[in-house]
Amino acid sequence: GGGDCWLGDLWALDTQSMKVRDVRKAVMSWHKPPSTGPAPCARAAHSSTMVGGRMYVFGGNTGKERLNDLYSLDTQAMAWRQEKTSGA
């Protein structure tokens, strides 16, 4: 990280097909999975968490504005959606 470039890409760490010849040298691999739906814009300083099979991404900033939005990614269907929220 760092620098003046905001990234909006999605990466997944494949822990299921981990190659293990020696436990001390276990190798996991990163890949860029395809996804559908309205993905969140590129941002920094956001928070994310997993609840069940969904990853939620909240807020952050674009370098020009602060964000107060919430998106979720269904990790089985790999489909994004913007969540409707209310309250303070």
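Which strand holds Gln16? Select Gln16 and see: the residue sits in strand β1, residues 12–19.

**Before you start**

This is a predicted model, in which local features need pLDDT of at least 70, side-chain atom pairs count only at pLDDT 80 or more, and totals for chains, interfaces and linings use all residues. Residues are numbered from 1 along each chain as its sequence is written, and side-chain values use heavy atoms, with hydrogens and water left out.

**Stop 1: the whole chain**

Show the chain as a cartoon. There are 0 helices and 6 strands. Both are DSSP runs numbered from the N terminus: helices are H or I with at least four residues, strands are E with at least two. Along the sequence the pattern reads β-β-β-β-β-β.

The accessible area of the chain is about 7,000 Å², and carbon and sulfur atoms hold 53% of that. Such areas come from the Shrake-Rupley method with a 1.4 Å probe; for residues, only the protein chains shown count as cover. Of the 88 residues, 22% are buried. Buried means under 20% relative accessible area, exposed means over 50%, and partly exposed lies in between (1.4 Å probe, protein chains only).

Consider contacts, meaning heavy atoms within 4.5 Å. Of those between residues at least 6 apart in sequence, 30% join residues at least 24 apart.

**Stop 2: Gln16**

Return to Gln16. This residue is exposed, at 75% relative accessible area.

**Stop 3**

Select β3 to β6. These 4 strands form an open sheet in the order β3-β4-β5-β6, with antiparallel pairing. Look at its edges: β3 (47–51) and β6 (79–82) each have a single partner strand, so one side of each is left without a neighbour in the sheet. Neighbouring strands are turned by 20° against each other on average, direction ignored. The axes here are lines fitted to C-alpha atoms, for helices over the stretch in contact, and angles run from 0 to 180 degrees between N-to-C directions.

Two strands count as paired if DSSP finds at least two bridges between them. In general, strands of a sheet pair through backbone hydrogen bonds, either parallel or antiparallel.

**Stop 4: β4 and β5**

Pick β4 and β5. They run antiparallel and are joined by 7 bridges. Find Arg54: its bridge partner in β5 is Asp74.

**Stop 5: β5 and β6**

Move on to β5 (residues 66–74) and β6. Their antiparallel pairing covers 4 bridges. Leu73 stands opposite Trp80 in β6. Asp74 faces Ala79 of β6.

**Stop 6**

Which loop holds Met78? Select the stretch between β5 and β6, and Met78 is there. This hairpin has 4 residues between its strands. Phi of Met78 is near 55°, a positive value in a residue other than glycine. Met78 is buried, at 19% relative accessible area. Beyond its neighbours within four places in sequence, Met78 is in contact with Leu10, Pro33, Pro34, Ser35, Thr36 and Leu73.

Next, show side chains for Leu10, Met55, Val57, Tyr71, Leu73, Met78 and Trp80. These 7 residues form the largest nonpolar core. A core of this kind is a set of buried Ala, Val, Leu, Ile, Met, Phe, Trp, Tyr and Cys residues joined through side-chain atoms within 4.5 Å. The elements giving two or more residues to this core are β4 (54–61) and β5.

**Stop 7: Asp69**

Stay in β5 and pick Asp69. Is this residue buried or exposed? Asp69 counts as buried, with 14% relative accessibility. Its side chain joins that of Arg43 in a polar contact of 2.8 Å. A polar contact is a pair of N or O atoms within 3.5 Å; within protein, one must be able to donate a hydrogen and the other to accept it, and residues adjacent in sequence count only if both atoms are side-chain atoms. Leaving out residues up to four places away in sequence, Asp69 touches Arg43, Val57, Phe58, Gly59 and Gln82.

**Last stop: Ala45**

Go to the loop between β2 (27–31) and β3, and select Ala45. Ala45 has a positive phi near 60°, in a residue other than glycine. Ala45 is exposed, at 66% relative accessible area.
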